[in-house]
Structures are given as C-alpha cells and as structure tokens.
Amino acid sequence: MLSLWLRWELRAMVVLSLTVQLILIKYGNRRKFSGKYSKLKSFLVWAMYLFADWFATLALSTLLRTSKEQITSSLVIFWTPFLLLHLGGPDTITAYSMSDNELWPRHFFGLCFQIGVAVYVYVKFWTITVTTLNFLAIPIFIVGITKYAERVCALFMASSTQLRKSVFPVIKSFQFEPIQPLVPQSDRNEMSLEVFKPLFSDLKLRIFKELHYIFQMKSRDVTAEDAFKMVEIELGFLYNQLYTKIRIVVSRTGVILRCICLSLTVSTLTAFLIIVGKHGYSKVDIGISYLLMVGAIFLEIYSDILHLSSDYGILWLTSQNNWFFKLIGSKLFPFTEANKGIRSMAQHSLLGYCLNPKKNMLTAVLNTFDTEENLEKYFHTSWKDVIPGLKEIIYSHLLEKRKKYEEAEFSFDGLSGILDDSGYKVLLQKGYVKDFDWSDINWSVFEVEFTHRLLIWHIATDLVLYDDHRKYRAGTLGPYCQFSKLLSDYMMYLLFLCPAMLPEGIGNIRHRDTCIEARNFLNGKSNSWEAIGILIETSDIESKSFFVEMGSLRKSALFEGCQIANRLKQLANNFRLDHKEKWEIVGQVWLNMLTYAASQCSWKEHSAQLQHGEELLTHVALLMAHLGLTKQIHLAEMPNRLKDVNFRPTWDWDRLEYRLAYYLA
C-alpha cells in the first residue's frame with residue numbers, strides 16, 4: 001500500500017492542483033454576489049484558496065525529496081513548471097481578504113523561493129530525461145514565472161499603502177488628451193469611483209461648496225434603479241482592484257503578456273503532440289501531461305473572456321485608440337454582469353431563531369468549537385430579493401436628506417444632525433396625535449445606544465406584524481409594512497452575523513440575553529407565537545413596569561420591544577390612526593436606522609465585506625456619498641482671497657486623475 005501511494009502521490013497532487021485552479025476560476029469572482037448560497041461559495045473559495053498553494057507547494061516538495069531512482073517516468077519532471085504556474089493562481093482571485101494584500105512581501109519571497117526550488121528540481125533530474133523534452137518545458141517556466149509575478153504585483157498594488165499612493169498620480173507630461181469613451185456610463189462610473197477611492201482608504205475630501213452640484217444626482221434625472229445599478233458597477237470596479245488581477249491583465253502590457261503566454265502554451269502543446277509519440281511513456285502520464293497543458297490554455301482563455309467582458313474590460317477596450325477594440329467593447333456592453341443593481345438581502349428574525357431552533361447532532365458537535373454558534377445562525381438566515389419598491393423608498397429617503405442638507409447650506413453641523421438622526425425626528429413629526437404620550441416611544445430611539453434600539457424595534461416590528469396578520473389586516477397595511485419587515489430582518493442579520501458593520505455596542509450580549517429571556521418566558525407553552533402575541537395585549541402600567549424591570553435584570557430587550565409594540569397598537573386602535581400611517585412611522589424609523597448605520601460603518605469595513613458578497617448597507621453608504629451625505633466629504637467655504645478675485649471653481653471629470661489629490665483634506 002505504501003509503495004502504491006509513493007508511486008501515485010505526485011500524480012494525485014498535480015491533478016488535484018489543477019482541479020483547485022478550475023474551481024477557483026469558476027467561483028473566485030462569484031462570491032461578490034450575495035444570495036442564498038453566498039456563504040457556502042465564500043467557504044468553498046476560502047478552502048480552495050488555501051489548498052491551491054498547499055497542493056502546488058506539496059508537489060514541489062515531493063519532487064525535491066525524491067531521488068533519481070524513484071522517478072518512474074521522465075514526464076514527471078515536465079510537470080514541474082506547471083506547478084509554478086498554479087502558484088500564480090487564477091486571474092479571478094489573487095487575495096481572499098484585504099489582509100492577504102498586506103502580505104505581498106511574503107508572496108514576493110515565496111516567488112523567489114519557489115522559482116529556485118522548481119529550477120533546482122528540474123536541473124536535478126536533467127540527466128534522466130530526453131533532451132528535447134527538457135527544452136520543451138522552458139516556455140512553461142516562462143509562463144509560470146510570469147503568472148506568479150503578476151499575482152505578487154496585483155497584491156502589491158492592492159495593499160493599503162499603494163491604494164493611498166494611487167490617489168497621488170505621477171504626472172509624466174504636461175500635455176494631456178482626455179479620453180472620449182464610447183460607453184459613457186461605465187466611464188463615468190469608473191471616474192466616480194476615483195472620487196470616492198480616497199474614502200475607502202480612510203482619507204477625507206475637502207471640496208468647495210460651489211462644487212456641490214457634483215453630488216446632486218437628481219439633476220441628471222437618475223431613477224432609483226439607475227442609482228443602484230451605478231453603485232453596483234462602482235463596487236464591481238473596487239472588488240476587481242482589491243481581489244483580482246484585472247488591473248494587471250487589462251492593460252497594454254498585460255494584453256501583450258497574455259498573448260505571449262498563450263502562444264507559448266499552445267506551441268508547447270503542439271510540440272508535445274509531435275514528440276510524445278516517439279517515446280514509450282505511460283498512457284497515464286501522457287494523459288496527465290495533456291490535461292495540464294489543455295487546462296493551462298483553458299484557464300488563460302476563460303479568464304481573458306471574463307475580464308474583457310467585465311465593466312473594467314469594456315471601459316479599457318472602448319478607451320483604446322483602435323476601432324477594432326472599440327467595436328468589441330460596444331458589442332460586449334449588453335452582457336455585463338452588473339445590470340440590475342443589488343439582487344438580494346439577508347434576513348434574520350430573532351424571535352424565529354428563539355422559537356424554532358434548528359438543533360441537530362452536527363450543530364451540537366460543531367458548537368463545541370464554534371462558541372458563537374455561527375453555523376446555527378447561518379442556518380436561520382434566509383434571503384429575499386431587493387424589490388424595486390424598497391430601492392425607490394430608500395432612494396427617496398436619501399434625496400430628502402440631501403434636500404435638508406441643501407437647506408442647511410451644506411454646513412458640517414447640519415450634515416452631522418442629518419446623519420445622526422436615527423428616527424427620533426420622525427416621531428416628533430408624527431406628534432400631531434393629541435393626548436398620546438409620545439415619550440413612551442421616543443425613548444426607544446433617543447435614549448438608548450444603537451444596537452439596543454435595533455433590538456427593541458426589531459421585536460416590536462415582528463409583534464405588530466403578527467398582531468396585524470392575526471386580525472386579518474394584511475390587505476390594509478400598505479407598502480411600508482413589507483419594507484419595514486425587510487429592513488428589520490436585514491438589520492438584525494447584520495447584528496447577528498456582521499456586527500463589525502454596525503456602530504460599536506454590546507449587541508451580541510443583548511442578542512444572547514434577549515434569546516435567553518424569550519426561551520425562558522416561552523418554556524412549556526404549546527404555541528410559542530400565540531404566547532408572544534399575549535405580550536402586546538397587556539396594556540396596564542403596572543405590568544409594563546414589571547416587564548421592563550424583568551428585562552433589565554439582563555441586557556435583554558424582549559420586554560422593551562413588547563412595550564413599544566403595545567404602544568404602536570394603542571396608537572392605531574385608540575387614536576384612530578390608520579394602520580398604513582402606523583407602518584409608515586415604523587418604516588421611517590427603519591430607514592433612518594439604515595442610513596445611520598451606513599454612515600457610521602467605516603469604509604474599510606465596507607470594502608472588506610465585499611469578500612463575502614455585496615451588502616445593501618454598502619450600496620446605501622456609497623449612494624449617500626454620491627449625494628455628499630458622508631462626514632468624510634466636507635463641503636467647505638471658499639477662502640476670502642479667492643472670493644476677492646472672483647474665482648469660480650470648476651470640476652473637470654476628464655482631468656480628475658490629476659486633480660483629485662488637491663481635494664484631499
């Protein structure tokens with residue numbers, strides 16, 4: 001058995017290495033799309049990303065410790081440069097996370113070391129193979145070294161230091177001819193990303209108030225669908241810059257290198273077809289050799305097609321001074337992936353998680369190591385489409401905030417007040433209902449920290465929705481009911497599985513204690529949802545106080561959520577407020593919490609989250625930046641010395657690359 005393994009060990013490693021490359025090139029850039037299986041795809045890519053280097057390195061080390069007497073076929077040595085090619089990785093993924101980009105020095109030394117090992121192994125077994133076959137591997141060595149060097153270069157360019165330096169371009173000539181793009185939408189999206197690229201590096205922009213029109217999307221008659229589509233394209237540009245080789249591949253030098261590498265690989269395959277028939281090699285070894293060469297050609301062609309058909313590739317094609325490239329770019333434009341904006345959003349219901357635990361033997365075993373129960377949390381996460389109506393209501397809400405910003409004359413204090421509004425002003429505006437004590441609700445959005453507020457209103461939303469459906473009001477609740485439920489469950493998902501994207505707090509502790517409180521309260525009850533429904537039926541002050549006190553023994557928000565649900569029910573029943581208006585209040589609170597969370601999340605966290613899939617919160621944050629609704633863009637007064645000479649600042653998109661550094665704060 002041991003001798004059999006020693007005989008097939010290297011062959012198995014080589015084939016597995018190629019298999020991992022094929023999986024990565026298929027799913028490497030698919031993880032940027034959110035959906036039901038996005039976490040599984042992300043886990044698959046993570047595992048394959050680790051295995052890719054491991055299998056290739058293990059195969060090289062196996063060759064390194066193998067003696068000449070153990071080599072049964074000289075074709076085994078011919079596989080050595082293919083392992084170097086595999087270490088270069090597929091073009092669709094160079095880094096799994098942003099931290100991998102910071103490790104580019106380690107990959108650089110790995111490049112030097114692995115090239116040394118590959119060359120040493122090849123020279124070591126030079127004497128036992130056919131001379132023609134020796135020289136036949138040299139072109140593959142060139143291809144492998146090129147691919148590995150491209151990966152190191154891509155990691156280097158995506159590192160945080162280089163991203164910051166990229167804001168300050170090196171001007172090689174004072175003469176600049178602006179590019180006239182064939183596809184203005186993609187070109188403008190790429191230029192817009194250049195404006196906001198400093199934000200993702202935690203840099204701030206300081207722009208004169210006279211240029212506020214560049215953050216005014218409504219002047220261009222942009223619809224909600226168009227706005228989300230634009231943001232999707234921009235985040236696609238950002239993802240490609242951070243996690244793929246596209247900036248290296250889709251360039252004049254990159255295209256030349258691609259053509260050379262592909263020509264060398266095809267030439268090697270052609271020569272191998274002629275030479276291999278003259279020698280008595282094992283059919284298995286010949287088959288593996290063909291598999292490696294055909295696999296290398298497939299990886300090259302497939303990645304080139306993916307890159308050229310992307311928004312980045314189309315932009316590059318259409319900006320070339322070549323009619324053929326422009327024609328190809330214009331034909332590929334309708335087939336770009338980012339044509340719908342964000343597609344889906346995660347959903348998590350805290351009460352559903354507490355009342356319907358999905359326990360099994362597997363989760364019980366894994367929870368021994370996974371103390372945060374992330375796997376069980378994932379099983380309780382569902383996905384729903386981001387419906388057009390939700391995009392419309394979010395976009396309209398942002399335009400209203402933009403209007404308030406204009407009314408505040410673009411002052412920083414006015415912007416801070418608009419962004420820090422987490423729903424309190426909505427309740428003040430609805431205070432026209434006479435004899436209703438709004439203080440019983442106002443405290444939940446004004447006096448508590450954000451994660452506490454989120455839990456309270458999430459529970460209240462679920463309870464009020466359950467009460468309305470139980471009383472057959474589903475057809476009279478209006479669109480805000482659906483929007484509120486979608487946003488409520490989405491924000492709870494962020495608190496549940498992506499807490500780093502929300503303002504700091506003790507959300508995990510509150511979530512845990514709320515679940516414990518809910519399970520203790522419902523223990524032994526036959527119908528859990530009916531028992532929960534009883535909570536909002538209790539309206540006397542003494543019982544309410546008991547509930548609040550009971551909840552405060554821990555960091556639970558269960559009974560505080562019940563109190564808010566009870567008050568919302570009274571608002572509709574006792575004060576003749578239409579149920580649509582009731583849900584409009586709830587919906588406006590959730591919209592304010594969404595925009596507040598988007599403005600508070602760091603831009604680095606937004607870019608880091610792209611590795612797991614697109615998030616609605618990131619799209620909203622970038623959309624807010626387009627409207628100037630971010631504290632990292634300061635619209636400042638023009639200095640008096642410029643006003644005295646009647647200076648009129650202008651914004652030139654074509655020269656943006658050379659002028660953006662001027663606007664850094």
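Reply: Gladly! In this predicted model, the largest nonpolar core has 107 residues, and Ile-394, Trp-457 and Met-491 have the most contacts inside it. Helix H25 (residues 479-497) gives the most to this core, with 12 residues.

Me: What is Trp-457 in contact with, leaving aside its neighbours within four places in sequence?

Reply: Trp-457 is in contact with Ile-441, Ser-444, Val-445, Ile-564, Leu-568, Val-586, Val-589, Trp-590 and Met-593.

Me: Why are H11 and H20 called roughly perpendicular to each other?

Reply: The axes of helix H11 (residues 224-243) and helix H20 (residues 388-407) cross at roughly 90° and come within 9 Å. Angles of 65 to 115 degrees count as roughly perpendicular, and H11 and H20 are therefore given that name. On the H11 side, the contact is made by Ala-224, Glu-225, Ala-227 and Phe-228, while H20 brings Pro-388, Lys-391, Glu-392, Ile-394 and Tyr-395. These residues divide into 6 nonpolar, no polar and 3 charged. Ile-394 is also one of the residues with the most contacts inside the largest core.

Me: What makes H30 roughly perpendicular to H32?

Reply: Here the axes of helix H30 (residues 579-600) and helix H32 (residues 616-626) cross at roughly 80°, coming within 9 Å. That angle falls in the range from 65 to 115 degrees, so H30 is roughly perpendicular to H32. H30 makes the contact with Leu-594, Thr-595, Ala-597, Ala-598 and Ser-599, and H32 with Leu-617, Val-620, Ala-621 and Met-624.

Me: Why is Phe-410 called buried?

Reply: Buried means under 20% relative accessible area. Phe-410 has 9% relative accessibility, so it counts as buried. It lies in the loop between H20 and H21, and its phi is near 60°, a positive value in a residue other than glycine. Most residues other than glycine have a negative phi.

Me: Why is His-212 called partly exposed?

Reply: The name covers values between under 20%, which is buried, and over 50%, which is exposed. His-212 has a relative accessible area of 24%, so it is partly exposed. You will find His-212 in the loop between strand S1 (205-208) and H11. Not counting residues up to four places away in sequence, His-212 touches Arg-402, Phe-410 and Leu-635. The C-alpha atoms of His-212 and Glu-406 are separated by 9.2 Å, although the two are 194 residues apart along the chain.

Me: Why does Asp-202 count as partly exposed?

Reply: Its relative accessibility is 37%, so Asp-202 lies between the cut-offs of 20% and 50% and counts as partly exposed. Asp-202 is found in the loop between helix H10 (184-200) and S1. Asp-202 has a positive phi of about 60°, although it is not a glycine.

Me: Which residues of helix H21 are buried, and what covers them?

Reply: In H21 (residues 412-419), the buried residues are Gly-414, Leu-415, Ser-416, Ile-418 and Leu-419. Their cover includes H20, H30, H32 and strand S4 (633-636).

Note on methods
Residues numbered from 1 in each chain as written. Predicted model: local features only at pLDDT ≥ 70, side-chain atom pairs only at ≥ 80, totals over all residues. Heavy atoms only, no water. Axes fitted to C-alpha atoms, helices over the stretch in contact; angles between N-to-C directions. Helix = DSSP H or I, 4+ residues; strand = E, 2+ residues; numbered from the N terminus. Parallel < 35°, antiparallel > 145°, perpendicular 65-115°, else oblique. Contact = heavy atoms within 4.5 Å. Nonpolar A, V, L, I, M, F, W, Y, C, P; charged D, E, K, R; others polar. Core = buried A, V, L, I, M, F, W, Y, C linked by side-chain atoms within 4.5 Å. Buried < 20%, exposed > 50% of the residue type's maximum accessible area, 1.4 Å probe, protein only.
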